Amino acid sequence: LNHYGTGFVSFDNKTMSSTVIEDGVVQGQSVWLYGAGWGFRKVLNWVTKRFGNYPIYCTEAGWSVQANNALEAKYDPGRVMYYYSYLSEAWRAMTEDGVDLRGFAAWSFADNFEWERGYSERFGVMYNEFNFGIDPNAPGKDSPIYNAKTGAYDGVCGNDCLVNGIPSSNTTIAYSQTRHAKGGLLYMQWMWRGSEVPSPNRWLAASMGADVCYGEGAYSIGSHKFNCALSSDVPGPAPVCPVAYGQCGGYVGSLPFVLPDGCALCPTGFTCVKVNKYYSGCKVA
C-alpha cells in the first residue's frame, strides 16, 4: 500500500462525477500533497474491510519540504509532525481496530529526482547536497519542452529548469557530496530504536546535534563550517522501555503485544486493564 495524502470527496448523482477538496488539510511543498493522519487510519481500515484481514505493508508515505541548504533542512517540523501523526494513527488502527499492519516505509531515505519537479521537491529524511557547478548536458531555461498531447514542441522550460537544480557531471566533485540528517530522520531513528511512537516535541526545533553531516571533509554555509563523518552518535540511544506507557497487552495487528525484556508491564501506580480483544492499556490503579 502506498499512501501520501488525504482529501474530502463529494459525488454528484446527476453528473456521475466526483470532486476532491482539501480545505482545512495541511499542505506540503508538492501541490498535490495534503497530509492528515486520520486519513491513513481510514484507508487501512477500508482495505482490511474490503479485502479481508491480510497483512499490510505501507511501502511509501512521505512529506515534501523545500530547503536551500542543510541548516534549513534540519528544521523539519512539517515532516516530523507528518510521521508522528501517521504512525500514531497507524498504531490506533492496529491496536484499536485490529488492522494487521506489518511494516511502514518512509519515502524517502534521501532527497532524489522527483519526476518533473526534478531536485526542487525534497521528500528525503536525509538532505542531499546536489549542486556542484553546472552539468553542460542538463536542460536550461531555453530548452524546448515537448507536449505529449500535441506531439510537438511547446515553449521553453524557463525558470523550472533553474529551480529544479542542475547537479554537476564532474565525478571528482560528486565524490565530495555530503548528506545531512533532517529533524525527520532523527525522529525516525529514535522511534526505530525505542519501543513507542515518541512525542515530537524535542524534534520540533533544529537544535539537536547541530548539523549532522555524513560524508568526507567539511560542509560550509557562509561563515559556518561543519566537519563531516561516515557515522554519528546523534540522536543517541533511545530508551529501551516506553517513556509514556499506553498499551500493556493485546495485539499489534495480528501479533501478540510484547514489551522488551526487563520492562515493567505498567509503571508504578498503574494497572493493565483490558479495553477490547486487541488492546489493553495502563490505567491508574
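A charge sits over a ring, in this note, if NZ of Lys or CZ of Arg is within 6 Å of the ring centre and within 35 degrees of the ring normal. By that rule, Arg202 lies over the face of Trp203, at 5.3 Å from the ring centre. Here are some points to look at alongside the model.

1. **Ground rules.** This is a predicted model, in which local features need pLDDT of at least 70 and side-chain atom pairs count only at pLDDT 80 or more, while totals for chains, interfaces and linings use all residues. Residues are numbered from 1 along each chain as its sequence is written, and side-chain values use heavy atoms, with hydrogens and water left out.

2. **Overall picture.** The protein has six helices and 17 strands; these are DSSP runs, numbered from the N terminus, with helices being H or I of at least four residues and strands E of at least two. Its C-alpha trace spans about 70 × 60 × 30 Å along the principal axes. Of the 285 residues, 40% are buried (under 20% relative accessible area, with exposed meaning over 50% and partly exposed in between, using a 1.4 Å probe and protein chains only). Taking contacts as heavy atoms within 4.5 Å, residues 24 or more positions apart account for 63% of those with a separation of 6 or more.

3. **Charges over rings.** Besides Arg202 over Trp203, you will find Arg50 over the face of Phe51, at 5.1 Å from the ring centre.

4. **Aromatic pairs.** The structure holds 16 of them. Rings of Phe, Tyr and Trp (its six-membered ring) pair if their centres lie within 6.5 Å; planes under 30 degrees apart count as stacked, over 60 as edge-to-face and the rest as tilted. Tyr4 and Phe123 make an edge-to-face pair, 6.1 Å centre to centre with 85 degrees between the planes. Because Tyr4 sits in the segment before strand 1 (8-12) and Phe123 in the loop between strand 6 and strand 7, this pair ties together parts that are 119 residues apart in sequence. Both Tyr4 and Phe123 are buried.

5. Tyr187 belongs to helix 6 (residues 183-193) and Trp203 to the loop between helix 6 and strand 11 (213-214), 16 residues apart. Tyr187 counts as buried because its relative accessibility is 0%; Trp203 is buried too, with a relative accessible area of 2%. Elsewhere, ring pairs link Phe40, Trp63, Tyr82, Tyr83, Tyr86 and Phe104 into a cluster.

6. **Ser108 and its loop.** Ser108 is found in the loop between strand 6 (101-104) and strand 7 (126-128), and counts as buried because its relative accessibility is 6%. Beyond its neighbours within four places in sequence, Ser108 touches Phe123, Gly124 and Val125.

7. **Arg79.** This residue of helix 3 is buried, with a relative accessible area of 0%. Leaving aside neighbours within four places in sequence, Arg79 has contacts that include Trp63, Arg122, Phe123, Lys182 and Gly184. The C-alpha atoms of Arg79 and Leu259, 180 residues apart along the chain, are separated by 28 Å.

8. Strands pair here if DSSP finds at least two bridges between them. Four strands form an open antiparallel sheet in the order 15-14-17-16. Strand 15 (255-256) and strand 16 (270-274) stand at the edges with a single partner strand each, so one side of each has no neighbour in the sheet. Five bridges join strand 16 to the antiparallel strand 17 (residues 279-284), and Lys274 has Ser280 in strand 17 as its bridge partner. Helix 3 (residues 77-95) lies across strand 14 (247-252) and strand 17, at about 75 degrees to strand 14; axes are lines fitted to C-alpha atoms, for helices over the stretch in contact, and angles run from 0 to 180 degrees between N-to-C directions.

9. An open antiparallel sheet has three strands in the order 7-10-11, with strand 7 and strand 11 as the edge strands, each pairing on one side only. Strand 7 is joined to strand 10 (residues 179-181) by three bridges, and Met126 stands opposite Ala181 in strand 10.
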